[in-house]
Amino acid sequence: MVRFFTAGESHGQGLVIIIEGVPAGLPITEDYIAVHLGRRQRGYGRGGRMLIEQDRAHIMSGVRHGRTLGSPIGMTLENRDWANWQSTMAVEAVDDPNADGRGQRITRIRPGHADLPGAMKYGYDDVRDVLERSSARETAARVAAGAVAIRFLEEFGIILRSHVVSIAGVWAKIPENIDWKLVEDSPVRCADPEAAALMMVEIDAAKEAGDTVGGTVEIIAENLPIGLGSHVHWDRKLDGLISQALMSINAVKAVSIGPGWETADLKGSQVQDVILPVTDPDNPWQRKTNMLGGTEGGMSNGMPLVARFAIKPIATMVNPLPSVDLDTGEAVQAHYERSDVCQVPPAGVVGEAMVALVLIDAFMEKFGGDSIDETRRNLQGYLKTVGPRKVYQ
Ligand SMILES: Cc1cc2nc3c(=O)[nH]c(=O)nc-3n(C[C@H](O)[C@H](O)[C@H](O)COP(=O)(O)O)c2cc1C
């Protein structure tokens, strides 16, 4: 079992990450993890915070001479912005929490954020006690853990990618063969340059109006072996696990596997992916289409895994919504603090991390092994058995 934990507040000293269950012998470096953290920091429509941070995870444990030991991998990720929040976010009680000028109680609840339910649930009278952890700063920790999972999947030829499909109602025309370099270079991580330009116009307009915009992201995992996940129990189904992982990303409101919602309007003959006669023994189960996004019965079926999610516009707005005060219940304008206008491009990088963390767990459940070599042997042995029965056994 591969599992991970994160800890840390948005303006606290930093983030802490533990990922456990990664087999020994996986080559991994801080530089590699930094590449993924850097991808999360970019994106048109991000706020000023990302100019302060230069995210780099520091590996504390579980790696020796560039290879995993099989023990828990511990990492820390410093918040540079902490320097400006030392009294507001002090661990010890302080005489003047507002010595840094940021520590005043927040009582003007933001609709659409965790503020109200969080304050009620935990008995807080300062919304900062909620927002520090509900902030998407935490997703940097997920990306650090996810980078280890992506590195593991690469060892087995599995490639994970993401691209932005829509922002603010502008939809990309997705080319049949996506140019992934173009996506990585695009300020909105979009494969369609014309749509990308229009998306940026919408982000600018929202910024001008003190508003925010959301969108849709697609994650694709290629070269997955057939049979990850299981049909035998609800909480082992790969599509269910992927959906939960993506839905857990801050502000995500819908997840689909493949075209998802669209399949509801089609006929059965249009939705199932017809299986082609086997011609290539190394690649036996080919399909004409991938309408089901690479899963059947809660298991990977050998086609690319395709998952989409819709992410809502950010709740913190320069032009705040009418709200109420936590103390008095009277009408006020919602709190504003430095925020993104559009978080759709970085959300794709977070989505890749979450899918990778589900896939490494499913992979290790199926193939096991305490070292990468053992896992590889187990995979190779399995792959010898997955062709047509009379040919392979
Ligand atoms: C990459 C990323 C960046 C985000 N940046 C912000 C932000 O700057 N301001 C904000 O209010 N919400 C931001 N969010 C969304 C909030 O974290 C989220 O809306 C909040 O935690 C409430 O959770 P919910 O929307 O899932 O209900 C961001 C989300 C992601 C994925």
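Colleague: Does Arg189 count as buried or exposed, and on what number of C-beta neighbours does that rest?
Modeller: In this predicted model, Arg189 sits in the loop between α6 (180-185) and α7 (193-208), and it has a positive phi of about 55° although it is not a glycine. A residue counts as buried if 20 or more other C-beta atoms lie within 10 Å of its own. Because Arg189 has 27 C-beta neighbours inside 10 Å, it counts as buried.

Colleague: His65 is not a glycine either and has a positive phi; is His65 buried or exposed?
Modeller: Most residues other than glycine have a negative phi. His65, in the loop between β4 (63-64) and β5 (67-68), has a positive phi of about 50°. The cut-off for the exposed class is 12 or fewer other C-beta atoms within 10 Å, and because His65 has 6 of them, it is exposed.

Colleague: Which residues make up the covered face of strand β6?
Modeller: In a regular strand the side chains alternate between the two faces of the sheet. In β6 (residues 73-78), the uncovered face holds Gly74, Thr76 and Glu78, while the covered face is made of Ile73, Met75 and Leu77.

Colleague: In the hairpin of β1 and β2, which residue takes a positive phi near 130°?
Modeller: Strand β1 (residues 3-7) and strand β2 (residues 14-20) pair in the antiparallel sense over five bridges, with Arg3 opposite Glu20. Six residues lie between the strands of this hairpin, and the one with the positive phi near 130° is Gly8.

Colleague: How many Å apart are the end C-alpha atoms of helix α5, and what span should its residues give?
Modeller: Helix α5 (residues 138-155) is mostly covered, with 15 of its 18 residues buried, and just after α5 Gly157 takes a positive phi of about 80°. At 1.5 Å a residue, the helix should span 26 Å, which agrees with its end C-alpha atoms being apart by 27 Å.

Colleague: Which strands stand at the edges of the five-strand open sheet?
Modeller: The sheet has the order β8-β7-β9-β13-β10, and its pairing is antiparallel. Because each edge strand has a single partner, one side of each is left without a neighbour in the sheet, and these strands are β8 (170-171) and β10 (252-257).

Colleague: At about what angle does helix α8 run to β10?
Modeller: Within the sheet, strand β9 (residues 215-222) and strand β13 (residues 305-311) run antiparallel and are joined by seven bridges, with Ala307 in β13 as the bridge partner of Ile219. Helix α8 (residues 238-247) lies across β10 and β13, and the angle to β10 is about 155°.

Colleague: Which helix gives the most residues to the shell around the ligand?
Modeller: Of the 19 residues around the ligand, Ala136, Asn250, Thr316, Asp340 and Gln343 come nearest. By class, the shell has nine nonpolar, nine polar and one charged residues. With three residues in this shell, the helix that gives the most is α10 (residues 344-367).

Conventions. Residues are numbered from 1 along each chain as its sequence is written. This is a predicted model: local features need pLDDT of at least 70, side-chain atom pairs count only at pLDDT 80 or more; totals for chains, interfaces and linings use all residues. A residue is near a molecule or strand if its C-beta atom, placed from the backbone, lies within 6 Å of it. Helices (H or I, at least four residues) and strands (E, at least two) are DSSP runs, numbered from the N terminus. Ala, Val, Leu, Ile, Met, Phe, Trp, Tyr, Cys and Pro count as nonpolar, Asp, Glu, Lys and Arg as charged, and the others, Gly among them, as polar. Two strands pair if DSSP finds at least two bridges between them. The expected span of a helix is 1.5 Å times one less than its number of residues. Two residues are in contact if their C-beta atoms, placed from the backbone, lie within 7 Å. Axes are lines fitted to C-alpha atoms, for helices over the stretch in contact, and angles run from 0 to 180 degrees between N-to-C directions.
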